[in-house]
Amino acid sequence: MTDTADFPPDDFSHENPSPAGWLSPEEIAVARAQLPLVYVDAVPVRVDDSGDVVAVGLLLRVTPEGMMTRALVSGRVMYHERIRDALLRHIEKDLGPVALPQVPASPQPFTVAEYFPTPGITSYHDPRQHAVSLAYVVPVNGDCRPQQNALELAWLTPEQACSDEVQLEMRGGQGVLLRQAMAYVGRLP
């Protein structure tokens with residue numbers, strides 16, 4: 001899973017620095033050590049007029065160790081937040097406010113990924129926590145620009161995105177998730 005930046009909600013104030021549903025860094029560390037957390041993973045795509053996926057958006061990030069990696073849009077679902085709102089929040093956070101994602105009225109994940117802190121239990125690994133992630137393919141129509149700690153957003157064909165070279169740049173099993181997404185939309189090479 002990619003590291004995400006958490007921003008204060010609309011009800012944030014300096015008098016109440018931890019509004020309902022938001023955990024302090026210490027509280028989230030305790031939760032991560034004791035509970036599986038709910039996440040969303042989004043595979044941003046461009047589609048043609050017939051709805052076929054023609055491009056996949058991958059973020060370029062630098063890990064704390066200084067390694068360059070490709071990543072999907074990903075992040076936690078907050079307490080009392082709908083899944084569609086979490087998807088929209090993370091897409092806006094990573095792709096910008098005018099990405100114009102097309103999240104369906106009743107979003108259904110293409111898969112559920114279980115990230116474990118211990119490598120090898122599943123294809124997904126997150127050393128920070130046990131996380132259960134609902135994964136979605138989300139068409140975006142707007143102007144997407146990398147935000148936060150992303151250096152670049154690359155639009156690749158499904159074949160390029162599933163290539164061994166790009167897969168080697170992805171961490172924590174997100175390459176597996178990307179291939180599952182392309183198989184789901186009928187574009188696995």
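Analyst: The answers below set values against cut-offs. Note that this is a predicted model.

User: Why is the contact between Arg 61 and Asp 94 called a salt bridge?

Analyst: The N to O distance is 3.1 Å. The cut-off is 4 Å, between a side-chain nitrogen of Lys or Arg and a carboxyl oxygen of Asp or Glu. The pair therefore qualifies. Arg 61 sits in strand S2 and Asp 94 in helix H2, 33 residues apart.

User: What makes Arg 61 count as buried or exposed?

Analyst: Its relative accessible area is 4%. Buried means under 20%, so Arg 61 is buried. Asp 94, at 0%, is buried by that cut-off too.

User: How do you know whether Glu 169 is buried, partly exposed or exposed?

Analyst: Glu 169 has a relative accessible area of 32%. Buried needs under 20% and exposed over 50%. The value falls in between, so Glu 169 is partly exposed. Its salt-bridge partner is Arg 70, with the closest N and O atoms 3.2 Å apart. Arg 70 has 14% relative accessibility, so it is buried.

User: Why are S1 and S7 said to pair?

Analyst: Pairing takes at least two bridges. S1 and S7 have nine, in the parallel sense, so they pair. Ala 42 stands opposite Tyr 136 in S7.

User: What makes S5 and S7 a pair?

Analyst: They share five bridges, in the antiparallel sense. The requirement is at least two, so S5 and S7 pair. Thr 111 stands opposite Ala 135 in S7.

Note on methods
Residues are numbered from 1 along each chain as its sequence is written. This is a predicted model: local features need pLDDT of at least 70, side-chain atom pairs count only at pLDDT 80 or more; totals for chains, interfaces and linings use all residues. Side-chain values use heavy atoms; hydrogens and water are left out. Helices (H or I, at least four residues) and strands (E, at least two) are DSSP runs, numbered from the N terminus. Buried means under 20% relative accessible area, exposed over 50%, partly exposed in between (1.4 Å probe, protein chains only).
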